[in-house]
2 protein chains.
Amino acid sequence: MILYQYHPSGNCYKIRLLLHHLNIPVQLVDVNTKAGETRTPEFRAKNPIGKVPTIELEPGVFLAESNAILWYFAEGTRYLPDDRLLRARVLQWMFFEQYSHEPYIAVARNWISYAGIPAGKEVELQERQEKGYMALDVMEDELRQKRFFVGERFSIADIALYAYTHVAHEGKFQLVRYPAIQAWMDQVASVPGHIQIDERISL
Amino acid sequence: MILYQYHPSGNCYKIRLLLHHLNIPVQLVDVNTKAGETRTPEFRAKNPIGKVPTIELEPGVFLAESNAILWYFAEGTRYLPDDRLLRARVLQWMFFEQYSHEPYIAVARNWISYAGIPAGKEVELQERQEKGYMALDVMEDELRQKRFFVGERFSIADIALYAYTHVAHEGKFQLVRYPAIQAWMDQVASVPGHIQIDERISL
C-alpha cells in the first residue's frame, strides 16, 4: 500500500497517524506539490481531484480526500463508533474540519511557514486568521464539556481536527486562550500509538 | 422532525431531496441567515457551528453539516452502497464537494444572485469563478466515463454534487461546455422522487 503525500501536510499526517494506531504498514511516496506534481496527467490518473493525500490500496485502486481515507480505514475499528447517530456526528466534525477549519488554519500556516504569502493576499490572510479563530472558538466551546469530540472516545473526528490544530502556531494562531483545546491536544497525544507530524516512521 | 433551513441554499436542498426520495416527512423551519439568526446563542445551542442546515432528529437531538445529515439518512438505504470502498468513494466525492466545489460555485452564486458581492471582493470573486470551473472540469472528466459518481448508481454523492451544480448558472457559470455534466444532471432529475430546489413540498 502506498501513500502519496507531502510530509508537512496535516491532511497527510492524519493518514499516517491513523495507520500507525491501527498498526497498518504503508509505503510513503513524497510528491512535490509545489512543483505541480499533483496536477500532471499521471497523477490525475491516480486522483482526478489532483491532491495529496492519495492512497493506493492495491495496485491501481486509489482513494482520495483525507477524511474519506480515514473513514475507510476506521470502519469496524475502535476509532469509529458503531452507533448510527455517533457515526454521523463524527462526519459532522470532519466536514466542519474541511469547510470551516482547514481552509483558514491550514492555509494560513502554509502561507506563513511554508509557501510564503502570495502577492496581494495580505487582507485575505487576515480574514482567514479571523475565521480560523472562529473555528477554534467552536472547538473550545465543545471541548469545555467533553474529553473528545464524539462519544467520549478518541475517534477519527479527533484525528481530523488535531492534524492542523496542533500546528496552528505555525499559522500564527495563539492557542494560549484555549485551555480546553490544549487539554484535548494533550489527551490526543497521549493515546498509545501516537506519532508526531514530523516523524518519518517506516511502517 | 424539524429541518432548520434557508430555502435557496443548495446545502439545505440536499436534505429535502434525499428525504423526499426516502419518503420521510420533515417540518421546514426557515432561519434568516442574513439577519444572523444562525449566530445567536439560541441557534448555537442547536448547532455549535452556527449554520444551516441543522436537523432536529428528535426533541433536543440535533445534527449539522449537510453531507453528514445525508449520510445519517442514507445508511442502510439504496442511496449509499454497502461495499466498504464504494462507501469511502461516496465520501471522497462529498468531501470534494465541500472543499473544492461549494466554496467556489455556491459562494459565487450567493454573491451574484442573492447576497450581493461584498465590497472589495471583485478579484476574489474572479478567483472563485476560476476554481469553480476547475471543479466542473474534474466532474466532467469523471462523468465522461460513468452515469453516476459511484458504483454506477444514484447515491448521496450525486445529491451532494447536484445541489449547487444545477444552479451554477446563478453564479454565472456557463455549463454549455460540459455535456457530460448536463447528461448527468438530466439523469439525476429523472430519478423517481425528484423535487426541484424551489419546491416547497410539505412532507
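Biologist: How many residues of domain 1 of chain A are in contact with domain 2 of chain A?

Modeller: This is a predicted model: local features need pLDDT of at least 70, side-chain atom pairs count only at pLDDT 80 or more, and totals for chains, interfaces and linings use all residues. Residues are numbered from 1 along each chain as its sequence is written, while chains are lettered from A and ligands numbered from 1 in the order in which they are written. Two residues are in contact if their C-beta atoms, placed from the backbone, lie within 7 Å. On that basis, eleven residues of domain 2 of chain A meet residues of domain 1 of chain A numbering twelve.

Biologist: Which element gives the most to that side of domain 1 of chain A?

Modeller: Helices (H or I, at least four residues) and strands (E, at least two) are DSSP runs, numbered from the N terminus. Two elements give two or more residues to the side that touches domain 2 of chain A: α1 and α3 of chain A. With six residues, the most comes from α1(A).

Biologist: What separates the centres of the two domains of chain A?

Modeller: The bounds come from an automatic or database domain assignment. They give domain 1 as 2–74 and domain 2 as 84–190 in chain A. Taken over C-alpha atoms, the separation of the centres is 21 Å.

Biologist: Why is α6 of chain A largely enclosed, and which elements cover it?

Modeller: A residue is buried if 20 or more other C-beta atoms lie within 10 Å of its own, exposed if 12 or fewer, and partly exposed in between; C-beta atoms are placed from the backbone. Helix α6 (residues 156–165) of chain A has ten of ten residues buried, so the rest of the structure largely encloses it. Among the buried ones are I156(A), D158(A) and Y162(A). The cover in chain A includes α1, α3, α4, α5 and α7.

Biologist: Which element gives the most to the side of chain A that touches chain B?

Modeller: The contact takes 24 residues from chain A and 23 residues from chain B. At least two each come from β4, α3, α4 and α5 of chain A. With eleven residues, the most comes from α4(A).
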